[in-house]
Structures are given as structure tokens and as C-alpha cells.
Amino acid sequence: MACPPQSDELIFFVNGRKMMESCADPEEELLSYLRKGLRLTGTKKGCGIGGCGACTVMISTYDPVSKKILHYPANSCLLPICSLHGAAVTTVEGVGSTKTRIHPIQERLAKCHGSQCGFCTPGMVMSMYALLRNHPEPSMEQITAALDGNLCRCTGYRPIIESYKSFAGEPTCCQLRGTGQCCLDQEGGVSSSSDRGDRMRSGLCNPEEFQPADPSQEFIFPPELMRMAQEQQGRTLVFQGERTTWISPASLWELLELKTKYPKAPVVVGNTSAGLDMKLGGVHHPVILHPNRIPELRIVSNTNNGLMIGAACRLAQLRDILMKAVSGLPEEKTKIFYALLQQLRTLAGEQIRSLADDFVSAFRQAERRKNALSIVNSAMRVLFKPGTNIIMDLNILYGGISSTTVSARKSCQKLIGSFLFKFYLEVLHGLKMMDPSKYPDLPKKYMSALRNFECRPPQGRQVYQDVDPGQPPQDPVGHPIMHQSGVKHATGEAVYCDDMHPVDGELSLAVVKSSKAHAKIVSIDASEAFKVPGVVDVVTASDVPGENGTKNEKAFAGEEVICVGQIICAVVAESDIQAKRGAEKVKIQYEELEPILTIEDAIRHNSYIGKEKKVEKGNIEKGFNSADEIIEGKMHIGGQEHFYLEPNSVLVVPRGEDNEMDVYSSTQYSSNVQELVASALDVQSNKIMCHTKRVGGAFGGKVTKPSYFAVIAAVAANKTGRPVRFILERHDDMLIVGNRHPFFGKYKVGFMNDGRIVAADIQAYVNAGCTPDESEMVIEFIVLKMDNAYKIPNFRVRGRACKTHLPSNTAFRGFGFPQSGLFAETWVTAVATQTGLPPEKVRDMNMYEGVNVTPFKEQFDATNLRKCWTECLEKSEYYSRKTAAEEFNKQNYWKKKGIAIIPMKFTAGFNMTFYHQAAALVHIYTDGSVLVTHGGVELGQGIHTKMLQVASRELKVPLSYIHLCETSTTTVPNALVTAGSIGSETNGKAVQDACQILRKRLEPIIQKNPEGKWEDWIKEAHQGSISLSATGYFKGYVTYMNWEKGEGHAFPYFIFGVACSEVEIDCLTGDHKNIRTDLVMDACFSINPAVDIGQIEGGFIQGVGLFTMEEIKVSPEGEQYTLGPDTYKIPAVCDVPEQFNVYLLPNTQNPIAIYSSKGIGEAGVFLGSSVFFAIRDAIASVRKERGLPENFTLNSPLTTERIRMVCADDFTEMIPRDKPGTYKPWDIEVA
């Protein structure tokens, strides 16, 4: 494209390298420029709207007015390159690499096991790097604040915070009684009698190994940019793109003239608002005004009335300016500053004291305490006549309710509610502080309303059993070995599907999706799409040479659409932007049909997938007849988005002969991708080669759907004869892939007065969505696991999967058990409430013990369940903390604490034998190096790391000799899905088998030369014509389930665990804080304690999200609203318990698994329910104190709104309630 003559040259630096763009496009973002233009793929695209932090880079600028260099982190996915004129950009590649040197930030994050899938890791590195450039010895508050905008779905954040604590310029623990020791190291803390003599170890990394930080080694700011900033102060810059003109005026007067000339042109500073409109709303701006170079808008100056802050100041600058101001000015002059800081969340928990006649406060409640748009916010100010209690002025403003902030000045006397009440109490307290003799004391029970939650960085202990002293030192099994790709994660060198360099002739693909939940397709008009420059073709179902998906699910919609988001056709173009623009032009005409959306609708229409699943034990009617009391209830549990950081991705490359194709896919199930692509192209599977290097998180969401995405891309590649890349946008991924199954359950439970449950009759339903997917197996698992940890003599559970017109729900970590477990604990808690007994007592008396059988007649030993229960009670100091919480609740009316301890009986694997088979291929090369391949996929769970440990032990060679390349159908055929927590052990068995075959072949040579080196043995074996390649195979665990009889050996083995959590809730806002969690897990012998503990912690935090904050919103028309991090909130750093302890039970065995290990990748998710029940405990205290019924239903997730409403009071009673049927709801309950 010829550059317009009026366009200036854009100049900036990237990692010390000068960039000069004579035709800069204002619509191009930095992320695209880095990844596609410079091939710097370490910066990741996670969401594309600045909500996840995966794309974080550091921007450095020189201010010619203050003569200072400023460093700040920025979301490159929202940053137009035209805003970077005169700036220096640092990416993760510029921080450090394995080719040059690794930065201490990268090294510590890797060695402290702060990455799992690794997709978020470069963003974590860059946020910390920017902080250290400004504050070489930051406080822990600064460290946690720096990570507020970075999301991680894998780790649970604890190891990330731990890795960065070493940079803090302050003690990072409580410094007990001034001794320099931490309370967590004391005998009375989390240790117990069972620790002694069991070789227990605490901690997973050694800080003594860290290299010191050296600020002198960082990039210097380019002097050329400093000269540019001085020379171009008075010059206006114009960048003319294909559709948009970017104007950066040099003066305020010029900005006003431009705004007059272009009244609709947005004024863009950080592009966090206009950028979202352009990305999500399809808004196009012909002219954009960028005022960052105007001195008046960047200057901060003191005035008699306060501070004058330029409108182009960043929020981080504003925070630092206000922090400096409040420390240097009298308190009576900084009231508004404090209120602003409170909104910026940097002074969370610090009480604002009013010591003058002017009172200012700000309030905010969001779905997540940090990095979340508020549900509602408010600012309030009252001014008294000096020396009196006469109000001269009162201002009340509310925001978050509508698109604009509402001033309530005219109606302030009529307003009442939680925020107003809090402000009222603050003012009363402030007046009392001003003149104790004139104003009465605030009632003691109300004082808790004034106290905000204090945010403390999480800390904890990770305790596990050390290896046997007799184990050879070079044997890595049982040691907390760093993730195989940990360093590459931290340097950005780990390659994911979309990081692969473009292939010659490559096209980009975008899909056209259904906007209707249920309708016939009348017509598809793609004529306008072909007019979009760069569009090559449109692909529909008619272009599929073979099968269009499977009998249960189609790749392209045919004559009918059955959910919003179903793929109808695809547009391929020369670039991804052109493909998306083309897809927007395709017009679909529908004939709408009546949709079924909710479980209630499905039951009414008898709309189900598969048959009813039932398990029955004992005599249910006889059991109820013998009960002292019977209760009934029901519960709704919402779904959950997978929210893996790497979107679904596929690259298809035709080889040009014999119909061969390479398919690079971010999938958990490579062989299924191969099978469906071959079927769609009507070729044999041996022509389709599927490759997966690594996946940036999956959690079940990349089991089934990636195969259909691969089919769509492969059909397009087949039609055009060119390679095709298909990378889903975050909103498309969240819409199309489906979620964890929403659940509805009904219970009838009979029990004795002493709390013993004698009968339980359960009905369970899940919302399957529009196709079977994995729903039949999910409802089977729900039915099989409904007893959780409890032995109920008369027990019946029935389950159905409901067919609706929602996107098909799919596998998700835990696979039904989080729903069934939460429901089971709900009816156990209901029994405790009804009998007036403590919940832990009812749980204890009904818990399995010793050798027992499940309701489906599988035998198991519950001894370790009891051990976990006892250990957790002791290590968590449950009873003393429960007493302390009860005392706290007596003293505080508006804040309440709750504590709960929850047991778990989980299972690994599947209820069909063939799912457990695995294969591996191991090569030894003549230089002694070893290449291992197996059928498992690296999803972040550390499977490759464990396979290297297995190979090292079996071959008796160091880890440095062994390499693991990728998962591919060309090396290991017919591999089963990596899921069910057993991938490491089944593939480990296969790798073990292959290595033992090789070692056996080498034994004669080793015996002849026992003092020889490995390399010598290998050369001799090769010269002796001994094969140095072997296939290993594991047939799998034998499991089965006879549903006709309701019995079987459904699972290979059981996993036990217990969690104790303590929380504090704010009764006025519904907010809660996770104070402490103690987890005890029966992991048996851990192959890698760092990996296993990381899985437990990450699973737990994912469970906390499921049960307390992650809420999917669906319209009455079946359209999902929550399609990105702006509307859907997963846990962040602020949601991690302040004290987070994990303890692996010692001296336990699992004889059927490799090295007596257990698969614990999913087990931690359900234990997040301990937070749910701790919140319930706090709510029960509220309701008891207020004389409200103590039998109450809590649905999941237990969001701030639900907590607030169930803590009923005068304020909740004032909320107007419309009668059902008199209005159309904004969203519907699909569970």
C-alpha cells in the first residue's frame, strides 16, 4: 500500500532495536506488530481485550518536561502502535533468554514452580520486570498489586507470589514475636505428631540457588528517543492508515480545534475504552485524537485547593502521586485523595479517619475485589458548618448501575442502602473522634462496618515426604524437579500452536456463527464477503468431501442450527483481520423455532440425552420408615468456563502429495483430531499427521471441540490448496466450546436424631446442551460419586442429561464430581442444621472407615480417608479456630467469620478399560542421548516432566541425556485422550515398559563392562546390531460398570483428601475474604511433589472460582453474555487464601500405579467447596443472630449478590421485587 504523503514516520524501539514505520496503520495494535511483524511470539494473546495480562510488555518513555524516564506495564493487545512514537518497548525476549542470559525474575519463577501451562508466564514476568525497573526493592504490597492485572488458570498463584517474594525489600513472613522466625515453622502450627520420623520436607525450591538481581544489566533508554522528545515537543504528528487517521496534537489549543473539527473522534490515551468498542462492538473511528504529548495534560501541580492532575496521567501515576501527597500533607487536606486511593485498591483495609468538618468516602463492590468492573460504586461527601452538626452540603453519587454515573444530589435524603449506611457510620465515628464529649459513642456492634478487608500477600507451607535415604542421588523420581519447560515458559521461548511461524501461502480463517438458539437456515448469502479485500473463499458444509463431523455433532451446520454460536460457515482470507471482516459480511436468514434452554424446560418436554442412570443400595423405603426425621430440598449449581489462557488453535498444512496433511492442534486428544479430519477429507488416517507440542491449559475444554475446529480448517485447506490457520478469539472460544455442566439436584434424606443418615434418595440433572459430547459420561460419574465420603445404608441416586438448545457442554476438570460432591455436602449440612449438631460431627459419624463398598458394590479401603480427616483437623487447628470465629462473630455485627472442613472420596480414571491404555516410543542415539515420545499431551500438568523422570530412573541416566519433543500420531498411534487424572501414570507405565526393554537389551554389555560409561555401552550395542529403539505399551486398568445391575468395578482406585477453610464476610456488601486453607491429600508416593502440589493448589483455586464467583449469564433467547474477562471473573491473586497450606499424607501406597503414585490433577477442584461451606457457616451466624430461619438454600456460585441477599436485613427488604411473569428477565437460570 502506498503511504499517504501527509503521514509521518513512526519511530520507536523494541528491545533496543530501532523501528521506523513510514506507513504506520493506526488500527494495528502492538501485539500484532510484535507477533506477526517482528516474530516476537513470547508476548501472548490470551483475551485480546486487556483483561488477562498475557500480552503484557513494558513501555518506557521520556518526559521532556520533568526530564524523567518512566517505565510502566501495558497490555499490548490494546495499544495502537501509533501511540508508541518516541517510546521504548521491552518484551519478554528482551528481558532474558536461554541463548543469552536468564533474568533473575525468569529464573526464580521457573525454579519456584510458578508456571504450569506457561501461557500466562511471560505476562507475569513483564509485570514484575516493570515493577523492578521502578522499585528495585518493592514491598509485598507493590508486588501483589503489580500482578492484579495478570490471570493464571493453572497455578493458584501461590508459587508465583512465592517466587517474587525474594525481591521484596522487607521481611516476607510474620516475624513471630520479633525472633525472625515464622509462625508456620512452629510446632504448634501446621505440624503434627505424624510428621516425626517420616522424613517430611517443607518447601519446593531453594532460594540460595537464585542468582542476584543486577539492575546495571538492564537496557538503557535510547538516547535518540530523549533527543526526539526534546526536538518534537511543538510538532503535531499525523499517521494515516487505510481507514483511520491518527492525530497527535502538540498543544491543548490544537486539541480543542481538532475536537471541534472532528466532534465524533475519540480522545484516546491508553485505548482501554475506545479500543474495546472497536474490538467488541465493531465501532470504526475515521479519526482518532491522541493527546499524550500535550504538556498541560501530563503535568501534576499543587494548588491552594489541592492537586491539578493532567487528564493524560495514567492511573498508576495517579496512585503514586496521591500516595506521595497523603504522606506529605495534613490529613484534613487529603480526604478526597484517600477516597480515590481506596477506589484504586492500594489502601484496601486502611481505615479512613475523619478529623475535620469535611467527610469523604468512596465505596465499591465487584465480582472480584481487584481487576474487575464494579457491580455498583459510590462516592459520598458531607460538609458540616464548622463547629456544629449542621450540614452545609451533601453529595452522593452512584455508578455501575447504568452507563453513566448518577448524581443523587436532589434525592439524597430519600436514599438508603448499604453504602449510605456505611458512610453514615463513618461520619458518626469521625464526629466522635473530633469531639468525644459532644457526640455519643457508636454502638460497638456497628464498628465492624467501618473496617475494610485487609489484603495480605498469600503465604503457606507445602509439606511432603522425602525420598528413601537409600535412593540413588541421580534418581530424580520423588524429587520436586522443575517443569521441563519452566525456563522456556518464563523467557517466552516455549512454542504454542499460534507461535509457529507462518507457512508460505498461509490463509487465516474466521467462522460465521448462528445468532439463533434453534432455527432452520433459510439462506446463506456470502456475496458481500467476497467483496472484502483479501477474502479468498467461503467454506460451507457442501465443501466437505467426506463426513461433516460425526453422527452426534456436525462441523458445519446443515439445514438447522441448534444453539447460538454453532458454526455455519467459514471465511478464509490473506490475513486474520480480512477473514473477520469477511465473516461479518455473511448474511444468514433464519426461520426461528422454539428453543429449550433450561433443565426445567427439558424435563417438561422430556428432552434427554441417553437413558436414566441409577445406582441403588439397601431398601430405600425401609430406610425412610426407620428415620426419626426426613427433610427434602433442592439446589442449582451453575456452569463454569474453562478459561484456559491459550484459545483453541489449529494450523493445517497440506503436504502437496498423496492427500497428506500436517495438523498442528492445541488438543487433549490428537488421535481424535486425526480420525475426524481423515473422515472429513475422505482419506485414510495414515495421511493425516497430528502434532501437539504443548497446550496452554485445557481442563477438559480441548477434548472434543478441537477435532471439529481441525475439520473446518482442513476442509478449507483442502478446498483452497493452501495452509490454513484458525485461532479462535476469546469470545468465540467461550461461546462455542461449552462449559462445565449446570446441575440441578433434588434430595430426600432420612436421619436419626443423633445425626446418623439412614436413607437418601437423590435425583440429579445436568444441562447437556445441544449434542451428547461427554454428557452421558458426566451424568454417570455424578451418579457413581454422589455418596462422596459417606456410607449411607439405604441410598438411591438417579441421573439424567437434559438436551437443550445451548452450546454443548463438555468435559471439565473433575468431570461431574464437583457438582455431585457439593450437592452431597449440602444435604449433609442440612441434616446438621436440622439436628442442631455441628456439621463436622455429622460428617464424621457418617464417613466411611476401613474396608468398605460403594453403592455400586466396588470395594475400597477408607483408612486413608480417616487419616486425612484426623490430620486436617489437627493441622488446621480446627476446633480452636472455630471457637475463635464464634467469639469474633459475637463482637461484630456486620462482619462474620465462618469455618468448614470437608472430606473427599475422589476417583481417577474412567469406568471403561480401553480408556486406560497407553503407548510410548523411546530411541537411544549413538551419542547416548535419549528421545522419549508417548501418547500423552502436555497441558501444564507436568506429564512430560514426569516421563523424563521415569525414563531417567529406568535407564539409569541423568535427566540431561533425555529429550521429549512432541506428541504426534506419527510416533504413537491411537493414543487415548489425556484426561481423567491418569495420563502421567498410564503413559508412565508405557515409558517404563519401553525403557525396561532397552535396559534389558543392554544388560549383557553392561555386565561385561560394569565400569564403562553410558556412551560406551550404547556405541557397543549399536556396533553389535542391538536395536536401540523400543515401543512400550500399557494395556490399562481393568474397569467396568453394568448399569443394568447398577454395579461394577468402575474406577481403578480412590483418592482421599480433606480441606479446611476459614473466611470472613461483609454482611453489608456480600464481599468475602479467604483467610486460611489447609489441604491434606492422599497422593501416596509423589513422582514429583512440586508438580503434584501445584496441581492441588491450582485445582483448589479453580474450585473456589466455581463455587464462589464464576457465573455464566445467558439471555432468555439462549445467548451467552459472559464471553470474556470483562464479564466473566476467574480468581485472581486477591482471592488466594492468605495462609495456604498443603500437606501430602505420608507412608501410603497405591500398588497398582507406577511407583505407588496417584493421579491428583483433578482432586483439588472439589475441595474449593470448603470455602463455599465456610461462607455458609458465616451466613448461618448472621441469620441466627437476626432471628432468621437457619434452614436456607444456597445455590452456587455463591457470589457477592447472593451472599448479600441471604444476609437479610432492613436494607434488603427495601429492594423492590417484581412479580414473576410480569417482566422479561435479563438472564435465565439454565441449571
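Modeller: Start with two words. Helices and strands here are DSSP runs, numbered from the N terminus; a helix run has at least four residues and a strand run at least two. Keep in mind that this is a predicted model.

Now the spot: Lys702. Look in the loop between strand E27 (688-692) and helix H18 (705-720). Is Lys702 buried or exposed? Buried means under 20% relative accessible area. Lys702 has 0%, so it counts as buried.

What does the side chain of Lys702 reach? It reaches the backbone oxygen of Glu646, at 2.7 Å. Glu646 is also among the residues that Lys702 touches, leaving out those up to four places away in sequence. Tyr644, Pro647 and Asn648 are on that list too.

Find it in the loop between helix H20 (775-784) and strand E31 (794-803). Its relative accessible area is 1%, so Asp787 is buried. The side chain of Asp787 makes a polar contact with the side chain of Tyr848, at 2.7 Å. Asp787 touches Tyr848, Phe795, Pro855 and Lys905, again leaving out residues up to four places away in sequence.

Next, a strand. Leu10, Phe12 and Val14 point one way from E1. Ile11 and Phe13 point the other way.

Which strands does E1 join? Strand E2 (residues 17-21) runs antiparallel to E1, with 5 bridges between them. Ile11 stands opposite Met20 in E2. E1 and E2 form a hairpin, with 2 residues between them. In the turn, Asn15 has a positive phi of about 50°. Strand E5 (residues 88-90) runs parallel to E1, and 2 bridges join them. Here Val14 stands opposite Val89 in E5.

Leu256 lies in helix H8 (residues 252-261). Its relative accessible area is 47%, so Leu256 is partly exposed. Leu256 forms a nonpolar surface patch with Leu252 and Trp253. Together these residues have about 330 Å² of accessible area.

Methods: Residues are numbered from 1 along each chain as its sequence is written. This is a predicted model: local features need pLDDT of at least 70, side-chain atom pairs count only at pLDDT 80 or more; totals for chains, interfaces and linings use all residues. Side-chain values use heavy atoms; hydrogens and water are left out. Patches are made of residues with over 30% relative accessible area and no salt bridge: like charges are joined within 9 Å, nonpolar side chains (Val, Leu, Ile, Met, Phe, Trp, Tyr) within 5 Å. Accessible areas come from the Shrake-Rupley method with a 1.4 Å probe; for residues, only the protein chains shown count as cover. A salt bridge is a side-chain nitrogen of Lys or Arg within 4 Å of a carboxyl oxygen of Asp or Glu. Buried means under 20% relative accessible area, exposed over 50%, partly exposed in between (1.4 Å probe, protein chains only). Two strands pair if DSSP finds at least two bridges between them. A polar contact is a pair of N or O atoms within 3.5 Å; within protein, one must be able to donate a hydrogen and the other to accept it, and residues adjacent in sequence count only if both atoms are side-chain atoms. Contact means heavy atoms within 4.5 Å.
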